[in-house]
Amino acid sequence: MLRSVGDVEPRLRALADLSVPEVREYAGRHEYDGVLQDLSPAGVTAGLAALGGPPLDDDHDEAHLTAFEAGARVAYSELEQHRWNPALHLANLDLAGYDREYTLQAERDAARARHLAAWPDAVDMALESLDRVPRDVALGLLGGVRGLADGVTDEPALRAHARLVAHVERAATDGEPDASLGGVGLARLMGVPEAIEVDLGGLARDADAERDRLRELLADACARIAPGRPVAETLTALEHDHPDAEGVLAEARIQTTEVLDWCARSGLVPYTDGDCRVGRSPASRSSAMAMLSWAAPGEPEGPSWFYVTPPDPAWPVADQDGWLSVFSRATLPAVCLHEVAPGHFSHSRALRHVTSPVRRVLMSPSFVEGWAHYGEQMALEEGFRDGDPLLQAGVAIEALVRVTRLAAALGVHEGSMTVAEAASRFTEDAGLHGEAALSEARRATWDPTYGRYTWGKLEILRLRELARARPGFDLAGFHRDLLALGAPPLGLLDAALS
C-alpha cells in the first residue's frame with residue numbers, strides 16, 4: 001500500500017485510483033495488480049469527487065499534487081476523455097505489464113488471471129463510456145485494441161474483447177470525422193497538469209524555430225557525411241541504411257550497451273546501475289515503435305525492458321521499409337539515447353532514489369519525455385561518439401519527428417490541419433513515409449499532448465541556461481538536482497535551482 005505520511009496518503013490514493021494503469025506500471029504500485037480502474041461514467045464521477053484534502057507540509061510537493069488533481073479534473077470532467085478516447089480503456093485492459101520480472105512468476109500469473117477475469121466488467125464499462133469516439137481516433141488505436149488479446153485463451157475474456165473490437169471498428173467507419181479538442185481544450189489539457197498557462201501561439205512559434213534549427217543541424221551533418229551531395233539524396237540513403245526486421249533487435253542490444261557504457265564514463269547522470277534488456281514489443285503496444293518499461297520506484301530491484309516494434313510482415317514492402325527507416329543506422333543510436341541512457345532508463349534509476357511519495361508516484365509525462373529528448377541533444381553536445389556526423393544527423397532526424405508532433409497536435413486540435421495534412425507534414429519535415437507518417441499523424445488525435453517531447457526539452461534547456469548563469473555551474477550537478485524532483489510538472493522546474 002502507499003505509505004501514509006501525514007495527510008499525503010488519502011490524496012495520493014484518490015489520484016492513484018484515477019490512474020491505475022500508470023501508477024501500477026510506472027510507479028510500481030502493485031497493490032493494483034489484477035485491479036482495473038472503474039472508467040464507467042459513474043466510476044469517473046466518484047473518482048473525481050474523492051480528490052482533494054488538507055494541504056501538505058512540503059510546499060513543492062503540495063504544488064506538485066495540486067497540479068495533478070487539477071489535471072485529472074480537466075481530463076475527466078472538462079474534456080471527458082473516457083468517453084471518446086479508447087486509449088484509456090486500452091491501458092486499463094492491457095496485460096503487458098505483468099511480463100516484466102518485478103516479482104515471482106506465480107504472483108504475476110495470479111495477478112494476470114485476476115485481471116483477465118475482470119475484462120468482461122471492464123469492457124461493459126468501456127462500452128458504456130465510449131459513446132463518441134472520432135473516426136481517426138479509432139483508426140489510430142484499432143491495431144492496439146486488437147492486439148490486446150494476443151496470447152489470451154480465456155473464453156469469457158475473449159468474448160468481451162471481441163465486443164470492444166467491434167465497437168472500435170464501428171467507430172473507425174462511422175465515427176465523427178472531427179477529432180479536434182479546440183484550442184482552449186488543448187491548452188487546458190496541456191497546461192493545467194503542468195502548472196503552466198500555455199500560449200499555443202507561442203508554442204507554435206517555438207516549434208517552428210526549433211524545426212529551423214534542426215534543419216540547419218541536419219544540413220551540416222549531411223554536408224560532412226557526403227560533401228557536395230544534395231541533402232535530400234543523403235537523407236534517402238540514410239533512411240534506407242537500416243537492418244531488417246529481425247536485425248533491429250540485435251542492433252538495439254549492441255547500442256544499448258554502448259549508451260550505458262558512455263553514461264557511466266561521463267558521469268553526467270547520477271545513477272548508472274540496473275539491468276536494461278531489449279525485446280520485441282507486446283502486441284498491445286505495437287502502435288509505439290519503441291518504448292521503455294522500467295523497473296519502477298515502488299518495486300524491488302529487477303530488469304527494465306527496452307521494447308522495439310518491427311514492422312508488420314503483412315504490410316506492403318514499401319510500408320515496412322518506411323517503418324524500418326525509424327531504426328536506420330543514423331537514427332537507432334538516438335532512439336537508444338532516448339529510451340535507455342541518458343534518457344528513460346537513467347531517469348528510472350534516479351526515481352528509485354527519490355523518497356517523497358508524491359514524487360515517486362506522480363510523474364509528469366511532459367517532464368518524462370522532455371528529459372529523454374533532452375538527453376539525446378545533451379549526449380551529442382557532450383561528445384557521445386566524438387562528433388560523428390551520422391549521430392548528429394540521427395539526433396536531428398529524431399528531433400524533427402518530435403517537433404513535428406508538437407506542430408501536428410497544435411494543428412489538428414486547433415482545427416487548422418487535417419490528419420492527412422499532418423501526415424504530409426511528417427513526410428515534409430520529418431522524412432517519414434507511408435504507414436509511419438500516417439501512424440504519427442493519427443496519434444495526434446488520441447494522444448493530444450504528444451508535443452510534450454519538444455515542449456519538455458525546451459523547458460529543461462531554458463532552465464539549464466538559467467543555471468549556467470550562476471557561479472559554479474556543473475552540468476552533472478544540474479542533472480542531479482533536477483532528477484531529485486522526480487518527474488515534476490514543468491511549471492515547477494525552477495525548484496531545481498533553489
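Predicted model: local features only at pLDDT ≥ 70, side-chain atom pairs only at ≥ 80, totals over all residues.
Which residues of β3 lie on one side, which on the other, and are they buried or exposed? Ser304, Phe306 and Val308 take one side of β3. Trp305 and Tyr307 take the other. All of these are buried, and both faces of the strand are covered.

Buried here means under 20% relative accessible area. By that cut-off 5 of the 5 residues of β3 are buried, so the strand is largely enclosed by the rest of the structure.

Now the sheet around it. It is an open sheet of 3 strands. The order is β1-β3-β2, and the pairing is mixed. β1, residues 276–280, and β2, residues 290–293, stand at the edges. Each has a single partner strand, so one side of each is left without a neighbour in the sheet. On average, neighbouring strands are turned by 25° against each other, ignoring direction.

Take the two pairings in turn. β1 and β3 run parallel, over 5 bridges. In that pair, Gly279 sits opposite Tyr307 of β3.

What about the faces of β2? Both are covered. Ala290 and Leu292 are on one side, Met291 and Ser293 on the other, and all are buried.

Ala334 is buried, with a relative accessible area of 0%. Which residues does Ala334 contact, leaving aside neighbours within four places in sequence? They are Glu376, Gly394, Val395 and Glu398. Take Glu376: it lies 42 residues from Ala334 along the chain, yet the two C-alpha atoms are separated by 6.0 Å.

On to the second largest pocket. How much space lies in it? About 290 Å³. The lining has 20 residues. Closest to the pocket centre are Leu218, Leu235, Ile397, Ala430 and Gly431. By class, the lining splits into 10 nonpolar, 5 polar and 5 charged residues. Four helices each supply at least two lining residues: α12 (200–225), α13 (231–240), α20 (389–414) and α21 (419–430).

Last stop, helix α11, residues 183–191. Which of its residues are buried? Gly185, Leu186, Ala187, Leu189, Met190 and Gly191. Their cover includes α4 (59–78), α5 (81–84), α12, α20 and α23 (452–468). Note α12 and α20 in that cover. Both also supply residues to the lining of the second largest pocket.

To wrap up. β3 is the strand with 5 of 5 residues buried.

Key: Residues numbered from 1 in each chain as written. Heavy atoms only, no water. Pairing = 2+ DSSP bridges. Axes fitted to C-alpha atoms, helices over the stretch in contact; angles between N-to-C directions. 1 Å grid on protein atoms, 1.4 Å probe; cavity = no way out; pocket = protein on both sides within 12 Å on 5 of 7 lines; lining within 4 Å. Points joined across faces, edges and corners; volume = space filled by probe spheres on them. Nonpolar A, V, L, I, M, F, W, Y, C, P; charged D, E, K, R; others polar. Buried < 20%, exposed > 50% of the residue type's maximum accessible area, 1.4 Å probe, protein only. Contact = heavy atoms within 4.5 Å.
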